[in-house]
Amino acid sequence: MTPEEIVQKLVARFGDKVSPSGSPGISRSFAVMDRDHVLPVLSYLKDDPELSFDFLADVTVVDYLRLEDPVVRERFAVVYQLLSLKHNHRFEVKARVPEEDPRAPSVLELWKSALWGEREAFDMYGVEFEGNPDMRRLLMPEDYPGFPLRKDYPLHGRGERDAFPQYRPQPDAPRAADTQASQA
Amino acid sequence: MGIEKIFGDSLITTSVNAVVNWARKNALWPMPFGTACCAIEMMATLSGRYDLSRFGAEVIRFSPRQSDLMIVSGRISIKMMPVLIKIYEQMPEPKWVISMGACASSGGVFDTYTLVQGVDQFLPVHVYIPGCPPRPESLIDALLKVQEIVAGPLKQADPEGTLLSTRSGAMALTPASCATKATPA
Ligand code: SF4
């Protein structure tokens with residue numbers, strides 16, 4: 001099925017809970033919805049025999065800061081990239097996540113591959129996935145302050161690169177240059 | 001010393017330091033810390049065409065406990081830094097550090113939230129190599145610079161330590177300036 005047909009099928013099933021989006025010629029069609037509808041819609045996409053999206057290719061987040069998307073409308077959108085190995089078609093679902101309460105339901109119960117995708121999305125954007133038992137950072141150090149892929153995060157960071165005193169050599173420890181036996 | 005008069009040409013007198021450092025300098029055992037593209041160039045330097053073994057540094061040790069020359073070649077992220085330090089601390093004294101390439105020396109083009117802007121913030125670096133990546137000749141030049149440092153102070157008349165530039169652009173720091181650089185402010 002083409003993405004357009006899948007969107008139509010979703011709208012026929014879920015009504016105005018699902019908003020179609022995407023512009024022909026520029027991007028494939030995809031579906032946008034509030035985060036409360038993510039689990040019913042995604043389990044329908046997985047279980048319907050005509051769709052049978054058996055593979056979650058990626059979970060990630062888009063930061064719409066200052067983009068004012070007419071369909072998404074919120075600051076963040078969680079993006080689910082789905083693939084059906086059976087029918088060889090792909091589909092994309094976005095869930096709105098407001099800035100003041102960055103939480104989204106975990107889809108771990110549907111696809112196990114969500115575990116690390118959601119961890120990475122949390123690491124980079126600070127969106128927490130409820131129901132994911134392992135919400136730790138994936139790539140950045142555990143004590144890293146901030147979420148670096150948010151659009152309001154400075155490109156160079158906030159000085160974290162230099163602010164890890166625990167990694168610095170202790171002043172009293174002897175260094176190679178001091179103990180060097182080259183004073184011939 | 002008069003001892004040569006008795007034994008003739010069969011005997012050389014010297015100091016222990018000179019002999020030991022002569023041996024050290026001609027048998028540096030590198031610990032390759034290759035994390036990115038510079039490591040490819042380091043491998044090229046080690047293999048047949050450029051052949052670092054001509055200078056006595058062919059015994060690449062992947063165990064820090066058996067090596068005395070750390071070659072940091074590649075990008076070091078904040079998360080990798082403790083690993084690098086741990087490996088460096090495991091190397092037995094005396095030890096030397098080459099910071100190979102723009103990324104290891106200054107962060108290079110990766111002026112981002114995650115990359116350490118120069119490993120000399122955390123390690124006492126003896127020789128910096130500019131370039132992205134540096135050619136094998138530069139690494140060989142840096143190795144020769146390290147050998148000079150191992151053999152003894154570069155210049156007695158220069159206690160503060162200055163940057164010496166060489167033909168291919170490698171910079172050597174005297175041990176004195178390394179010590180000041182490594183101390184946190
Ligand atoms: S200096 Fe250039 S070649 Fe070396 S690690 Fe950085 S980007 Fe790669």
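I began at Ala36(B), which sits in the loop between β1 and α3 of chain B. Helices here are DSSP runs of H or I with at least four residues, strands are E runs of at least two, and both are numbered from the N terminus. Before going on, I noted that this is a predicted model, where local features need pLDDT of at least 70 and side-chain atom pairs count only at pLDDT 80 or more, while totals for chains, interfaces and linings use all residues. Residues are numbered from 1 along each chain as its sequence is written, chains are lettered from A and ligands numbered from 1 in the order in which they are written, and side-chain values use heavy atoms, with hydrogens and water left out.

**Ala36(B), continued**

Buried or exposed? I looked up Ala36(B). Its relative accessibility is 13%, so Ala36(B) counts as buried. The cut-offs: buried is under 20% relative accessible area, exposed is over 50%, and partly exposed is in between (1.4 Å probe, protein chains only).

Setting aside neighbours within four places in sequence, I found Ala36(B) in contact with Ser73(B), Gly74(B) and Arg75(B); contact means heavy atoms within 4.5 Å. I also checked Ala104(B), 68 residues from Ala36(B) along the chain: the two C-alpha atoms are separated by 9.9 Å.

**Ligand shell**

How does the shell divide?

**Helix α3 of chain B**

Next I took α3(B), residues 38-46, where Cys38(B), Ala39(B), Glu41(B), Met42(B) and Thr45(B) are buried. Looking down the axis of α3(B), I see the buried residues within an arc of 155 degrees, so they line one face of the helix. The arc is taken from the directions from the helix axis to the C-beta atoms. Their cover includes β1 (30-34), β2 (69-73), β3 (96-100), α5 (101-106) and α6 (136-151) of chain B.

Most residues other than glycine have a negative phi, and most peptide bonds are trans. I went looking for exceptions.

- The Cys132(B) to Pro133(B) peptide bond is cis, with omega near -10 degrees; Pro133(B) is in the loop between β4 (127-129) and α6 of chain B.
- Glu93(B) to Pro94(B) is a cis bond as well, omega near -10 degrees, and Pro94(B) lies in the loop between α4 (81-90) and β3 of chain B.
- Asp51(B) has a positive phi near 55 degrees; it belongs to the loop between α3 and β2 of chain B, and at 24% relative accessibility it counts as partly exposed.
- Arg66(A), not a glycine either, has a positive phi of about 60 degrees; I place it in the loop between β3 (55-63) and β4 of chain A, and at 70% relative accessibility it counts as exposed.

**Chain A**

Chain A has 4 helices and 7 strands, in the order α-β-β-α-β-β-β-β-α-β-α. Of its 184 residues, 49% count as buried.

Of its 9 residues, 8 are buried, so β5(A) is largely enclosed by the rest of the structure. What are its pairings? Strand β4(A) (residues 76-84) pairs with β5(A) in the antiparallel sense over 9 bridges, with Leu83(A) partnering Arg90(A). A pair needs at least two DSSP bridges. The two strands make a hairpin with 4 residues between them, and Asn88(A) in the turn has a positive phi of about 55 degrees. Strand β2(A) (residues 30-34) runs parallel to β5(A) and is joined to it by 4 bridges; Val32(A) stands opposite Lys94(A).

Last, helix α2(A), residues 38-47: Val38(A), Val41(A), Leu42(A), Tyr44(A) and Leu45(A) are buried. Their arc around the axis is only 155 degrees, which puts them on the same side of α2(A). Among the elements covering them I noted α1 (3-14), β1 (18-21), β6 (103-105) and β5 of chain A.
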